[in-house]
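User: I am new to protein models and would like to learn how to read contacts, helix packing and pockets. Could you take me through them one at a time?

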Amino acid sequence: MRKTSTIKIGANIQKIRKSNGYTQEKLAESIEVSVRYISDIEQDRAKPSYEVLIRICNLFQITLDQVFSEYLKATENKKLNYALAGYEKLSKEDKKTIEHLIMYFNKK
């Protein structure tokens, strides 16, 4: 049986955190862990527990497949998932602008 490579999700968690405008400190406080633990996770020096992964997903309203996207055989656009991760936190005006842009490009 072929040995699977080590799964590293630190960079994904960091992208998700940043796309939501969170610092490591704010994330750590929000999910009740230490800043050092968040740093270790993002640098792939530590693996997050299931509980921590669930807290991160609930906080940012994402699913686990977005965290593990590069290891899953899915065809979804990963960049789009990261970009949309912070959509709900945008102002009403910014959301309307994005909706108009999507409608414009869909007409082409």
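This is a predicted model: local features need pLDDT of at least 70, side-chain atom pairs count only at pLDDT 80 or more; totals for chains, interfaces and linings use all residues.

User: Where is Val33 found, and how many residues apart in sequence are Val33 and Val52?

Analyst: Val33 is found in the loop between α2 and α3, where helices are DSSP runs (H or I, at least four residues) numbered from the N terminus. Val33 and Val52 are 19 residues apart in sequence, and their C-alpha atoms are 8.3 Å apart in space.

User: How are two packed helices described?

Analyst: Two packed helices are described by the angle between their axes and the distance between the axes. Axes are lines fitted to C-alpha atoms, for helices over the stretch in contact, and angles run from 0 to 180 degrees between N-to-C directions. Here the axes of α2 (residues 24-31) and α3 (residues 35-42) come within 8 Å and cross at roughly 115°. The two helices are therefore roughly perpendicular to each other, a term used for angles of 65 to 115 degrees. On the α2 side the contact is made by Gln24, Glu25, Leu27, Ala28 and Ile31, and on the α3 side by Val35, Ile38, Ser39 and Glu42.

User: At what angle do α2 and helix α4 pack?

Analyst: α2 and α4 (residues 50-60) pack at an angle of about 110°, with their axes 10 Å apart, which makes α2 roughly perpendicular to α4. Leu27, Ser30 and Ile31 of α2 make this contact with Val52, Arg55, Ile56, Leu59 and Phe60 of α4.

User: What lines the largest pocket?

Analyst: On a 1 Å grid over the protein atoms alone, a pocket is an open set of points with protein on both sides within 12 Å along at least five of seven lines, and lining residues have an atom within 4 Å of a point. The largest pocket is lined by 14 residues, of which Ile7, Ile9, Ala46, Lys47 and Pro48 lie nearest its centre.

Technical notes. Residues are numbered from 1 along each chain as its sequence is written. Side-chain values use heavy atoms; hydrogens and water are left out. Angles under 35 degrees count as roughly parallel, over 145 as roughly antiparallel, 65 to 115 as roughly perpendicular and the rest as oblique. Contact means heavy atoms within 4.5 Å. On a 1 Å grid over the protein atoms alone, a cavity is a set of points where a 1.4 Å probe fits but cannot get out, and a pocket is an open set with protein on both sides within 12 Å along at least five of seven lines; lining residues have an atom within 4 Å of a point.
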